[in-house]
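Here are my notes on this model, point by point. Please keep the structure in view as you read.

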Amino acid sequence: MIEAIKIWKMTEALNLDEDQAAKLFPKLAQLEASRREFQRRQRLLRNEMAELLKQRPLRDEEIKTRLDQLDRAETDFRGHEQAIRGGLRSILSPEQQARFALFEDRFETEMRSVIYDL
């Protein structure tokens, strides 16, 4: 439901035409899927590190490996995010890009407030 509201409000806020919407929303879905996968991977690695920290003797090499994997996962996600955002620039005018940047921040804040109020 939140996703449908976001699409509706974004379409209005950016004044998207049908062609832009048809190109934009699949890219945003890719970005969201990438974000969810990154967060899932991050949670898994942090849980593994927490378990490793409970073990004695500490296995420094395994901890270091998890830390490296965590860094690599973030770097990969940020690279993918930048590539998708670059694709958005080819779809949106500069004005729409600015509106999009502001929309993302405001929408997230509004949704947090609504959820908090509930």
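1. Start with Phe-103 and Phe-107. Both are buried, meaning under 20% relative accessible area, with over 50% exposed and partly exposed in between (1.4 Å probe, protein chains only). Both lie in helix α4, four residues apart, about one turn of the helix. An α-helix has 3.6 residues a turn, so residues three or four places apart point the same way.

2. A word on the source. This is a predicted model, where local features need pLDDT of at least 70, side-chain atom pairs count only at pLDDT 80 or more, and totals for chains, interfaces and linings use all residues. Residues are numbered from 1 along each chain as its sequence is written, and side-chain values use heavy atoms, leaving out hydrogens and water.

3. Now the rings. The structure holds two aromatic pairs (Phe, Tyr or Trp rings, the last by its six-membered ring, with centres within 6.5 Å; planes under 30 degrees apart are stacked, over 60 edge-to-face, the rest tilted). Phe-38 and Phe-77 are stacked, at 4.9 Å centre to centre and 5° between the planes. Phe-38 lies in helix α2 and Phe-77 in helix α3, so this pair ties together parts 39 residues apart in sequence. Phe-38 counts as buried because its relative accessibility is 9%. Phe-77 has 5%, so Phe-77 is buried too. The rings of Phe-103 and Phe-107 have centres 5.4 Å apart and planes at 20°, so that pair is stacked.

4. Last, α3. The buried residues of this helix include Ile-63, Leu-70 and Ile-84. Its buried residues pack against α2 (18–54) and α4 (94–117).

Definitions and conventions. Helices (H or I, at least four residues) and strands (E, at least two) are DSSP runs, numbered from the N terminus. Contact means heavy atoms within 4.5 Å.
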